[in-house]
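This report describes one protein chain for a reader who has not seen it before. The sequence and the model come first, and the description follows.

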Amino acid sequence: MESLLPLLLIGSGLALAYAAFNFLKVKKLEEGNDLMQKIASFIRGGANTFISIEYRTLAVVVLIVAVIVFLALDWYVAVALLIGSIMSASAGKIGMKIATYANVRVTNEAYKTKNIGQTLKVAFRGGSVMGLCVGGCALLGLAIVVYVFGYLMKDSTQVTACIDSLEKTKCWLTGIEIIKFPNILSGYALGCSMVAMFNRVGGGIYTKAADMGADLVGKTEAHIPEDDPRNPATIADNVGDNVGDVAGLGSDLLESYVASIVAAIALGYNLITHAEVNGASLSALYTFPLAFAAVGLIACVLGVASLLVRNLKKSKSVHRQLNGATWFGAILTLAGGFFLTKKLFEGTNIDFEKLGFTLGYASPWVGAAVGIIAGILIGIIAEYYTSSDYKPTKVLAEASKEGPALTITSGLALGMRSCMAPCIILGLGIIIAYYTAGLYGVAMSAMGMLSFVALTVSVDTYGPISDNAGGIAEMSKLPEDVREITDTLDAVGNTTAAIGKGFAIGSGGLAALALMLSYMYSLPGETIVNGLPTLNIMEPMTLAGCIVGGALPFLFSGMLIDAVANAARKMVDEVRRQFKEHPAILEGKEDPDHDQCIKISTQGSIGQMKVPALMAVIIPVVCGLLFGAHFVGGILIGSTVASIMIAIFTGNAGGAWDNGKKYIEQGGIPGSGKGSPVHDAAVVGDTVGDPLKDTVGPCMDIFIKIMSTVALVAVSVFAKYNLWTYIKDLIK
């Protein structure tokens with residue numbers, strides 16, 4: 001393992017160096033005229049204000065949780081948690097910063113060159129900073145944790161590296177024994193998860209409160225265009241794109257990336273402990289996920305470069321260019337991963353049969369390949385249901401002819417129908433991965449799906465940058481052909497965002513499953529049959545946990561929608577107040593008060609996010625201390641299944657409503673353009689879908705992963721100390 005540490009540093013260092021290069025390259029570009037610079041500075045200032053306030057709140061929560069972890073487990077788990085939170089917060093902040101610099105430069109590039117290919121490169125270069133920082137920061141943090149706690153802290157009796165042993169340690173306060181290194185990694189993952197939860201929930205509430213406020217009054221009541229400079233909520237709406245769809249997205253997929261790596265490593269340790277596998281090279285089981293992640297990140301750097309170094313002056317196929325970069329990175333990851341598998345597993349004396357490796361040394365690679373293919377297929381399905389190029393969204397747009405009621409009804413039906421195909425893909429992926437490489441193959445399928453996460457985030461972040469660029473063009477009153485370029489980029493961005501959301505929930509579901517398997521192995525006294533944990537789902541305590549766990553995502557979703565609605569209500573009231581008290585705003589003779597709308601979104605999101613964000617951290621611990629580890633195992637099963645369905649349903653329904661509205665705006669239904677009753681009905685559908693696709697859906701995968709991570713970290717505590725066991729002992 002120690003010889004592969006340079007690979008981790010090369011992968012993370014290369015990604016972060018290229019991110020820094022692209023950051024500086026974007027900043028050197030011109031911002032445009034004074035009005036464009038002024039609008040961009042408003043957006044940048046609002047985003048910086050939000051992230052500063054949120055991170056202050058987050059820092060307090062992280063420190064409290066770190067102290068609890070220190071007391072319940074040990075200091076090194078708490079330190080790893082802090083490292084994880086710092087890495088995730090850094091990636092989110094850097095990505096958000098470059099997005100607020102890139103947006104106006106994309107607008108100016110479109111204005112100067114009138115060339116969609118050149119404009120695409122600027123937007124993608126800005127997005128690549130977020131993507132490369134996600135992979136680079138995640139892997140750099142893991143390299144630090146592996147080196148410091150895996151090698152510098154050696155077993156005092158055996159002078160061996162902690163990572164290469166099953167060394168156990170006993171907590172000084174609780175007396176609980178835990179395997180040292182997997183728990184250190186779980187602490188790192190927990191730190192990443194907490195930042196992701198706050199960024200996704202806080203950013204999601206912010207962006208949708210502003211978006212709904214701007215649409216409900218501006219479009220529906222005042223009948224002014226989207227991003228019209230007369231609308232006081234437009235700046236807050238553009239700020240929301242950065243804090244929700246950039247910082248939130250980046251932290252989300254960084255956390256998924258780390259969770260899948262940690263789950264695969266933890267499962268490797270558990271297989272060594274429980275499966276009675278003999279072999280001198282067992283370290284390959286926990287080395288492979290880290291090395292595969294490094295290979296994937298290097299492939300992503302080359303994938304990003306493959307688009308940026310090309311001459312795109314004559315390019316008009318934006319979608320093809322973005323897909324080409326993603327496919328290139330995925331193919332390189334598969335190729336590099338195969339040679340890595342061959343190097344680590346071929347020629348060893350590992351008993352492949354006991355591990356369930358039906359294809360010998362190549363089995364882990366096949367498991368990862370299954371994840372990559374499943375991720376791509378889920379993205380294609382999400383595109384089919386949400387893109388206006390395909391029948392489902394076109395049919396939904398046609399439903400707007402009958403008014404908002406049928407628009408909403410048709411969108412709900414579309415979202416529900418769309419759940420089946422991705423779940424079949426996930427189910428088949430799990431079956432194929434298991435019968436190819438056992439439980440380790442299931443964990444590696446999650447790792448494979450996220451191995452080129454840097455490219456996925458780069459493509460996804462390009463969307464909100466393009467959206468902001470269109471808003472700046474509208475508010476700066478630039479020529480119509482500029483807005484046509486930014487609208488084209490934005491339309492593709494909506495599709496890539498829908499694909500990204502499908503990818504996120506698919507990978508989140510697999511990562512949560514891998515964490516759940518590690519959790520089951522970690523249950524003290526759990527029966528292991530043929531290397532498999534045998535958690536009995538029909539055992540009353542587990543079954544009760546499943547039912548409660550299935551209800552939790554619905555409670556969580558309802559709280560998020562209420563939070564968005566409460567903040568949006570205040571935004572609507574403020575926009576109406578300004579239009580009523582200052583009629584000169586609508587006449588274009590007076591500037592609206594953007595700062596007040598930014599303040600409302602910031603205060604609303606920070607105030608409303610605390611309870612739902614903390615739910616995922618508190619519930620597994622409280623339920624474990626009350627009812628024990630089997631009840632929590634049931635909660636993880638129930639909440640994972642329900643969350644996958646809710647996330648797919650809300651993401652696809654909301655994406656289809658949004659693109660159905662744009663389809664109408666672009667003349668898809670003759671005689672029903674902006675301001676028509678058909679368009680008004682579509683706007684209502686889009687508004688209903690806003691909190692679903694951009695708040696509820698994206699938060700579901702974090703919800704299940706953070707619960708799984710917390711449960712994995714705390715299982716040794718509540719498996720020994722819980723009220724239910726105490727009551728049973730009293731009765732006996």
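How are helix 11 and helix 18 oriented to each other? The model is a predicted one, and in it helix 11 (residues 391-399) packs against helix 18 (residues 629-665) at an angle of about 70 degrees, with the axes 8 Å apart. Angles of 65 to 115 degrees count as roughly perpendicular, and helix 11 and helix 18 are therefore roughly perpendicular to each other. The crossing of helix 11 past helix 18 is right-handed.

On the helix 11 side, the contact is formed by Thr393, Lys394, Leu396 and Ala397. Helix 18 contributes Ala656, Trp657, Asn659, Gly660, Tyr663 and Ile664. Sorted by type, the residues of this contact between helix 11 and helix 18 are six nonpolar, three polar and one charged.

Helix 13 passes helix 18 in a right-handed crossing. Which residues make this contact? From helix 13 they are Pro422, Cys423 and Leu426, and from helix 18 they are Ile644, Met645 and Ile648. The residues of the contact of helix 13 with helix 18 comprise six nonpolar, no polar and no charged.

| Helix pair | Angle | Axis distance |
|---|---|---|
| Helix 11 and helix 18 | about 70 degrees | 8 Å |

**The chain as a whole**

The secondary structure of the chain consists of 20 helices and four strands. The chain has 732 residues, and 65% of them are buried. Of the contacts between residues at least 6 apart in sequence, 85% join residues at least 24 apart.

How confident is the predictor in this chain? The average pLDDT is 81, and 88% of the residues score at least 70. Where pLDDT is low, the predicted coordinates should not be read in detail.

**Residues within helices**

Thr436 belongs to helix 13 (residues 420-450). Is Thr436 buried or exposed? Its relative accessibility is 9%, so Thr436 counts as buried. Apart from neighbours within four places in sequence, Thr436 is in contact with Gly356, Phe357, Thr358, Leu359, Ser363 and Val366.

Ala293 is placed in helix 7 (residues 284-308). With a relative accessible area of 0%, Ala293 is buried. Leaving aside neighbours within four places in sequence, Ala293 is in contact with Leu139, Tyr257, Ile261 and Met447. Ala293 and Leu8 are 285 residues apart along the chain, and their C-alpha atoms are separated by 8.2 Å.

Leu555 is in helix 16 (residues 540-581). Its relative accessible area is 45%, so Leu555 is partly exposed.

**Two loop residues with positive phi**

Where does Lys114 lie? Lys114 is in the loop between helix 3 (75-113) and helix 4 (116-152). Phi of Lys114 is near 55 degrees, a positive value in a residue other than glycine. At 40% relative accessibility, Lys114 counts as partly exposed.

Lys477 is in the loop between helix 14 (453-475) and helix 15 (480-522). Lys477 is not a glycine, yet its phi is positive, at about 60 degrees. Lys477 has a relative accessible area of 69% and is exposed.

Definitions and conventions: Residues numbered from 1 in each chain as written. Predicted model: local features only at pLDDT ≥ 70, side-chain atom pairs only at ≥ 80, totals over all residues. Heavy atoms only, no water. Axes fitted to C-alpha atoms, helices over the stretch in contact; angles between N-to-C directions. Parallel < 35°, antiparallel > 145°, perpendicular 65-115°, else oblique. Left-handed = near helix turned anticlockwise from the far one by under 90°. Contact = heavy atoms within 4.5 Å. Nonpolar A, V, L, I, M, F, W, Y, C, P; charged D, E, K, R; others polar. pLDDT = per-residue confidence, 0-100. Buried < 20%, exposed > 50% of the residue type's maximum accessible area, 1.4 Å probe, protein only.
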